[in-house]
Structures are given as C-alpha cells and as structure tokens.
Amino acid sequence: MAKTKMTPSIDPAACYVLDYAQLMGIPTAFTRAQDTKPCPIGSGQSGICCKNCYMGPCRLTKDGQVGVCGATIETIAARNLARAIAAGTSAHSDHGRDLAFTLLAVALGEAQGYEIRDEAKLLAVAAKHGIATKGRQNTEIALDIANKAIGEFGQQRGELSYISTAPAKRQKIWRDLGVVPRGIDREVVDILHRTHMGDDQDASHILMAAVRTALADGWGGSMWATDISDILFGTPSPRVGQVNLGVLKDDEVNIVVHGHEPTLSEMIVAAVQDPELIAYAKAKGAKGINLSGICCTSNEIMMRQGIPSAGNFLHQELAILTGAVEAMVVDVQCIMQSLTAVASNFHTEIITTSPKVRMPGATHIEFDEHHALDIAKGIVARAIDNYANRGEVRIPDVTENVVPGFSHEYLNYMLGGYYRQSFRPLNEAIATGRIRGVAADVGCNNPGLTQDSVHMDVITELLKNDVLVVSTGCGAIAAGKYGYLRGEAGLDKVGPGLREVCEAIGIPPVLHLGSCVDNTRILTVLTQMATEGGLGDDISDIPAVGLAPEWMSEKALAIATYAVASGAYVIMGVRSPVDFSDTVSDIIAKEWEEKFGGKLEFVVDAPEIVKRTIEHIDKKRAALKLPAYDASRHGASGDVPLQDYFELPLEKQMAELYG
Ligand code: SF4
Ligand code: MSK
C-alpha cells in the first residue's frame, strides 16, 4: 500500500486515525484515491468514453473523432452528463418516495412508532398543494399529502405541483422553454431513453431534457423528501450538537448511523433512550448507549434531535478505525463498499437495512416502517451484545460544538419574530451592504483533495468579505468541525457588516440548513428573498452563488443543475466531467446563462472560486443598483443599532449609511 503523498485532511482527528491505518496497513479511501489513477478518458480530462452500446466502448481522445455509430464528442459528453443527472435525481427522489409511503402508513395507522410531529408543517404543505384542511383530521390531510406525493412520481402529464411555488417569473421561463417536469419517474426514464444508442444526438437538446429531470428532483422528489421529513420528524430549529470523531465514547456502546434516510435513524434515536436497553447495556459493562451519525443521516438527526455527528463522508471508515464502534447501521447512498473490509479488522458489525442495499460481509436486517421500533430495538440490542468483543480503542480527542437547525421556517421566524415572520431584514442587510451577498457551500468530500481544505478556504474567505454562508450535507459538517457553526464563536474571522448581523440576530456565520435533499430549503429561501422585495423579483436577481467545491456524487450534479435552472450561478470544484468538450462546457455555462440566468462552471482552486463568487455577487448588486460593497462603512462604533435600523424604511436606511 502506498503512503499518502498528499496531505490527506486538514482535520486533526482524521490525521490521527489515518496514522494508525498507515501503521496497521489498512487501506482507506485516502490511500486508494492515490493508488488508483482516475481514468483520464472517463473523467473527461483527456478524452471521453461512451459505453452506451456493445459496438463500443468508444474512447475518443482527439478533436473530431467519432464513435463507431458516428456519435461526436459533444453528443457523448452531453449524454454522460445527462445520465449522471438522472441517476442523482433518481436517488434523491426515491428517498422522497419512501418517505411518502411512510407518511401513507402513518395516515393509515400502520406505522409503528411514527406520528405526525409537526402539525403546522402538515397544514403548510397541504396548503401548498391545494389540499383542504378545514375541519379535517390530521391523518386525513396526511393521507391526501401522501397520495399526492406518490402520484407525482408516476404522473405522466401536466406539471409537478411545487413548480407553482417558484417565483412567477421563473415559472414563465420554465414554461416558455418547455422544461417543466411532468412526473418525477417520467423525466428520469426520458433521459435513459433519449441517451440510449441511436436517440437524441443534439447536445443542447439532450441537456435541456437533463434540466427538466433535475427540476423534477429539486422542485419534486427532494422537496417532497424535505417536507415530509419535517411533517413526520419535526421542522428543524437551532439546537446544540457536537461534531467529529471525539463524539464516540470509550466506555459506552457506540452505534453509528450512516446514509440518508431519517426513517430508521429516528427510530434508533428512540430505541437508544429505551430504559430497558440502557439497563441491558449497563449489565454488559458499558456506561450507556451512544448514538452518532455520519453523512446526511447524521445531518437529519443532528438538525432535529441534536444527535452528535462523527463526521462527514470521508469519516465513515475512520469511525470504524477507532475500534470503538459496535455497529454501523447503513441505509442508502454514499456508503463505501470498503466498510466491511475495514470492519473485518475490528469487532464492528456493518448492518444494512434498506431493501435496495446489500453489502457482502454485512448483516442484513431489513427495515419495515410497519415494525420500525421493534427493528430498531433489535439492532440496538445486537450492538450491545457486540460490546464485549471490543478490543483496544483510539478515539481522537477532537470535537467541536455546533448549532445546526436553520430551516427556512426558523429563518423566517428568527428574522421577523413570531408575529411578523419575514425575510425583509435579510434582504435589507444585503441591500444596504452589511451583507455583501449569500453563498451556499454544499456537497461532499472527495479524497482526490485534502479533506475539507477547499470547503474551509472558500468559506473563510467569503466570510471575511461579508458573504453570509449557508450550508448543507457534508460541507455543513466540515464547517462545523472548524467552529463556523458555533453561535457567535468564529466571528473574529468574519467581515464587519456580517458580524454585526450575526451578533444582532444571534446566529453563527454559517447556517446549517440540513442534508443534501434539503438543498430544497435553499430554493425556498431564495424564492422568499425574491418575492420579499428589494432584491429583484427572481432567483437570478439575487446576489447569491452555489458552491460544491469537494463534490463527488451524481446527486451533486443533479443539485447543481436544478440550482442553475432556478437562476443560480453554481461553481463545482474537483474537475469537470465535460472538460474535453468545449461545446458542452459552453452549453452549461453560456447557453444556460442566456436561457436561465444561471450557469454551471467547474473551478478547482479555492482562490479562483472565491474570486468568481465575489465578482458575481458584486455584478448582481450593481444590476440591482445597490450601493457598491464597502466594508469600511460597517463595524465601527456609532452605527445605528441593527434592530432599530431595520425598523427604518429602506430609503432612511440608505440615507443613514450613505448620507
Ligand atoms: Fe460507441 Fe455509439 Fe455505441 Fe456509444 S453508442 S458505445 S459511441 S457505438
Ligand atoms: S452525504 S452526497 S457525500 S454531501 Fe449527503 Fe455527503 Fe455528498 Fe453524500
């Protein structure tokens, strides 16, 4: 096994555990990423590869080359990107479908342990979809919502109903361009069909269909997933949590949940609090049962229950390497096949739970929402039994406090108060230049980069420049590891205007909005900012940028595409999957910008990502005729106290600031 040549991580907890892996000769994604050269053809850097039929595969490495069927480089690049977007859409949306079936079971009284925890959200979601609520039982409303959601997966004609919640101008753009999704499954199938050998051969046309599919994710399957999760498990609001491997306990039974779906993990949260199981753990010599999470399952239960996070995507193997994990319970997405190989060096049991996911070497205990609590208790008991098999442990003493839970609903309340819920103060802080703009730093870790380094370089620089950062997925966990999700802490690194806003409202400089399906919360926030007034009337008018600097999954491409189609400028890092085709690179940047007002670019270096982000924000500020950003106007004593300041009409605020 090769020694890691690149610094594997900026996280001291990761480095500590990786040193042990190195010593023991246990391979991890960090070493494999360096031992395995990515195929330059498959990655789009030095060529392009098509394997859509068995006359190929066709590897095109020179300009003008075509495949056996005559397919050009741009056709193949567009088809490959479209298929990745369809795969990402299918993963997010299938997650939404499973939640809809759980809600259906709850409505029918068939789901053990679940209930409708958030009645206000139930009513709000019903209103969005035109479902009657007056004089009806919650279960009746939930039944209609579940059936509406399930129906949208198989819908063949018409429009997905969340489309009508986008800004009016955006809806018109989509309708005029013919990209309004008809049904969620239909759009995924459409891409698989049109990219089959001998179908759509026009790169631009293929990619417009990919946009429609991505919109079926962002304004369809993912939005259903977020809303139904909130109905069943509660809409997140800020709570204190902890992140990093130090959340594992050396004297308790450690259970780590990993994947994406909150359905089973919420039941495990309930099961670990069962007095009988706690007593059972004590009888086995442990001091208690300690639950933590990895990846987006972790985000789901940290946002709602304050359950600690053992880390982001690249921490999944590392948690096992501590020797302290009795059971790692996985569901769907982002689960490395290497987990069982790493676990074979320790006592850790890997437990798969989804009917869709089996792993050789893992124990399969299939999840069924009709008996969820019993299944969760069985898993916890199994982990307790495994405690006796634990050997030496090495848990790095590294944790950080975090305050996650900034749902769109909480932001509304936080900014406007209970009686005047509103995004106006945020819009006004941007309009006056206290906040220069907004950036969403989202997405994965990628072992081709130093873990968390680009997330942190980008976030740090943007905060210094008074750019408010919102975050989801593994990017949010990264921000948490380095102190940016800690209430007022970290504000010494934040620009003066943003700092004032954070101090006045009492928020961290980076707002954790949830898991990767919860990028839809960002769409909702942007929609409300666009309709609130003062920042134009469409998402594309807002001084905001989407960033996925360490992305790795197909879901990230789907998210980026629906964000672009919604009007956002999105910059992804790592490398471009369409690098070898200038035509396709131009379509997703220039052509999409003309059509949607948003564009997709791939930029590797953190300073360049920051530069383009700030340039875009300033360009949007200028287009809105807002005052140019000037940090020297803020932060000095003598400023009008922010709360009073927000009470003034916008013209007075401008006069206050600019004379
Ligand atoms: Fe080659 Fe065309 Fe078949 Fe692709 S579809 S593998 S380019 S022959
Ligand atoms: S888990 S998709 S590594 S964000 Fe949502 Fe993290 Fe990316 Fe998976």
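This is a predicted model: local features need pLDDT of at least 70, side-chain atom pairs count only at pLDDT 80 or more; totals for chains, interfaces and linings use all residues.
Local features need pLDDT of at least 70 and side-chain atom pairs count only at pLDDT 80 or more, while totals for chains, interfaces and linings use all residues. Residues are numbered from 1 along each chain as its sequence is written, and side-chain values use heavy atoms, with hydrogens and water left out.

Let's start with the count: there are 4 cavities of 30 Å³ or more. A cavity here is a set of points, on a 1 Å grid over the protein atoms alone, where a 1.4 Å probe fits but cannot get out, and lining residues have an atom within 4 Å of a point. Points are joined across faces, edges and corners, and a volume is the space filled by probe spheres set on them.

The largest cavity holds about 500 Å³. Its lining runs to 45 residues, with Ala-440, Val-470, Ile-522, Leu-526 and Val-545 nearest the centre. Helix α20 (residues 519-532) is the top contributor, giving 6 residues; helices are DSSP runs of H or I, at least four residues, numbered from the N terminus. By class, that lining has 38 nonpolar, 7 polar and no charged residues (Ala, Val, Leu, Ile, Met, Phe, Trp, Tyr, Cys and Pro are nonpolar, Asp, Glu, Lys and Arg charged, and the others, Gly among them, polar).

Next comes the second largest cavity, at about 120 Å³. Among its 15 lining residues, Gly-443, Cys-444, Cys-516, Ser-553 and Lys-555 lie nearest the centre.

Terms used:
Chains are lettered from A and ligands numbered from 1 in the order in which they are written. On a 1 Å grid over the protein atoms alone, a cavity is a set of points where a 1.4 Å probe fits but cannot get out, and a pocket is an open set with protein on both sides within 12 Å along at least five of seven lines; lining residues have an atom within 4 Å of a point. Helices (H or I, at least four residues) and strands (E, at least two) are DSSP runs, numbered from the N terminus.
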